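Let's take a friendly tour of the spaces inside this protein and of the side chains packed around them. Have the structure open beside you as you read.

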Amino acid sequence: SQGFNGRIIMFSGGAPTVGPGRVIESSRAKHLRGHRDIIKGKAPLYEPACKFYNELSNRCVSNSHVMDIFACALDQLGIAEQRILCDNTGGSLVLSDTFTTSVFEESFNGLFYSYDIQQQLDDIKQDEDDEVDDTSSVLAMCFNGEIKIRTSRQIRVSGCIGAVSSMNETNTNCISTQNEIGLGGTSKWSIGGLFSNTTLSFIFDIANMDNNNNNNNNDNNSNKGNKGKNDEYGYIQFITTYTSSYNTLITRVTTIGIQFANPKTKIGLDTIISGFDQEAAAVMLARLATYKADNEFEPDLMRWVDNNLIKLVQKFCSYTRGDINSFKLPREFLLFPQFIYYLRRSQFIQVFNYSPDETAFFRASLIRENVNNGLSMIQPLLHSYDIPPPIDDNDNNGTGDDEIYGEEVLLELSSRHPERILLLDTFFHLVIWYGRKIAKWRNDKIWLNEEYGDDYLWFKKLLLAPKQECINRMSVRFPCPNLIECDENSGQQRFLIAKLNPDNTKAEQQYGGDEQTTGDVWSDDVSLKVFMDHLKKLAVNPQ
């Protein structure tokens, strides 16, 4: 009912074919739209459906309702049009093949995660007539979330990127009117439903850049011996209000200080470099790119990302003009070009071979997750499980009961080996890849062979180690990732190969020999080395 917090959960098993929100006609002669159909204007139902679901989401926001969608089908369901229901209300979006998969079951259970509130209850003053169960546990979900921003006079908020909707608070002096990025034009947003790991991105602008530069120049010239004493600071305050699942109104206020620096001076430039977070910058650039893709007509995302990378590198690198070997990046920027390389190859930029529903799901997850999870979507994590070294008989501590842990390795084709197990974490998928020899020993169940006795019990632990790691990651992640197990040279190994750096030269040098396959991966993508060489060439020859 209106004015009461609540969740509306939709279980979708097919595309709507009737009503104002339909995405496909019931005639079998019609097919579901693809990316090219939307761009070329050959999806006549796309725009009306998006408008309908946008109006429906506004009604949910005004009534303090959260909309969740669990979409499970082998074909498209219209998630590209319905995604705005979840984005505007702070709801969850889960996409899977069927309702019988662990992706749906674990994700649905994760939505109703509960925890003990005894500590919270001790902090809340209870009336004499209230009776509280000592073993009370409540849902972790919160409702009716709102966040507003207040800034000092030098800072303006340009906008927000995340699962929020604007509350049109325009009567404050902290709104940037000249440089609106994301959902801007307001200083207050409605979050709707939120959890403890809900993440939002805010973009800020400096209001009076010239005055700040002049002040910093005067400080540097007149007070060099007293560094930082007269540096000017700005302040940003986040005021978050929400209602807990046990009907308690909570307000959290967070205030942070920002030190201004003039990049035209060496001190100011060093300050900016030392405070640069390359992981957060890569995720932020990915969010900006996906926002442009969702709100602009056919933007050239690849060129936009490349231009931003080139400008950043030219600003902060040191080089001799025309000399590629002189190119050098500060330590804080070393991994940023690598992150952008994998971003260019990711499903956020490359929509080929992905349906509009899959793209909408990927982008909806990116704007909700924190930096660590967002970075794993851009540059997946690869861990190696190798055969443990033999135990020394003279070592009394060598009991053979030690746990086997994975070691992080590079996303290279050369990381594959016949006697190795790889675990790839792309956030959406967990891929366990077995080398050729490992797969043969597993199929032969070598640890059960009486001829070898207990000599190969360690192999059973080696097989269980990556599976246990997957179970641990699946238990704390929402939505639950899809687990894929594959052997070397099998069809399912494409989930691993597609994410690796397509540099066959390293693969042929380190993977060849002993009757092993060489040069078995062919890709139109350039390798990371070619990408970096081209970036250096553009940086040392500015136009």
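The largest cavity holds about 60 Å³ of space. A cavity here is a set of points, on a 1 Å grid over the protein atoms alone, where a 1.4 Å probe fits but cannot get out; grid points are joined across faces, edges and corners, and a volume is the space filled by probe spheres set on the points. By this rule there are two cavities of 30 Å³ or more. The model is a predicted one, in which local features need pLDDT of at least 70 and side-chain atom pairs count only at pLDDT 80 or more, while totals for chains, interfaces and linings use all residues. Residues are numbered from 1 along each chain as its sequence is written, and side-chain values use heavy atoms, with hydrogens and water left out.

**Around the largest cavity**

- Lining residues have an atom within 4 Å of a point, and those of the largest cavity include Cys 60, Val 61, Ser 64, His 65 and Asn 144.
- Strand β9 (188-194) gives the largest share of this lining, three residues; α2 and β2 (65-72) also supply at least two each.
- The lining has three nonpolar, seven polar and no charged residues. Here Ala, Val, Leu, Ile, Met, Phe, Trp, Tyr, Cys and Pro count as nonpolar, Asp, Glu, Lys and Arg as charged, and the others, Gly among them, as polar.

**The largest pocket**

- A pocket is an open set of points with protein on both sides within 12 Å along at least five of seven lines, and the largest one has about 2,100 Å³ of space.
- It is lined by 49 residues, and the closest to its centre are Phe 202, Ile 203, Phe 204, Phe 276 and Met 284.
- Helix α8 gives the most to this lining, with ten residues.
- The lining of the largest pocket divides into 31 nonpolar, ten polar and eight charged residues.

**The second largest pocket**

- About 1,700 Å³ of space lies in the second largest pocket.
- Among its 45 lining residues, Tyr 46, Ala 293, Asp 294, Asn 295 and Arg 363 lie nearest its centre.
- Helix α3 supplies the largest share of this lining, six residues, and α8, α9 and α11 (356-366) are among the elements that supply at least two each.
- By type, the lining has 24 nonpolar, ten polar and eleven charged residues.

**The nonpolar cores**

- In soluble globular proteins, nonpolar side chains tend to be buried together.
- A nonpolar core is a set of buried Ala, Val, Leu, Ile, Met, Phe, Trp, Tyr and Cys residues joined through side-chain atoms within 4.5 Å; buried means under 20% relative accessible area, exposed over 50%, and partly exposed in between (1.4 Å probe, protein chains only).
- The largest core has 72 residues, and Val 313 and Leu 496 have the most contacts inside it.
- Helix α9 (residues 301-316) provides the largest share of this core, seven residues.
- Apart from it lies another core of 18 residues, among them Tyr 434, Ile 438, Ile 446 and Cys 470.
- Which residues does Val 313 touch, not counting those up to four places away in sequence? They are Phe 327, Leu 329, Leu 535 and Ala 539, where contact means heavy atoms within 4.5 Å.

**The whole protein**

- The protein has 17 helices and 19 strands; helices (H or I, at least four residues) and strands (E, at least two) are DSSP runs, numbered from the N terminus.
- Of its 543 residues, 45% count as buried.
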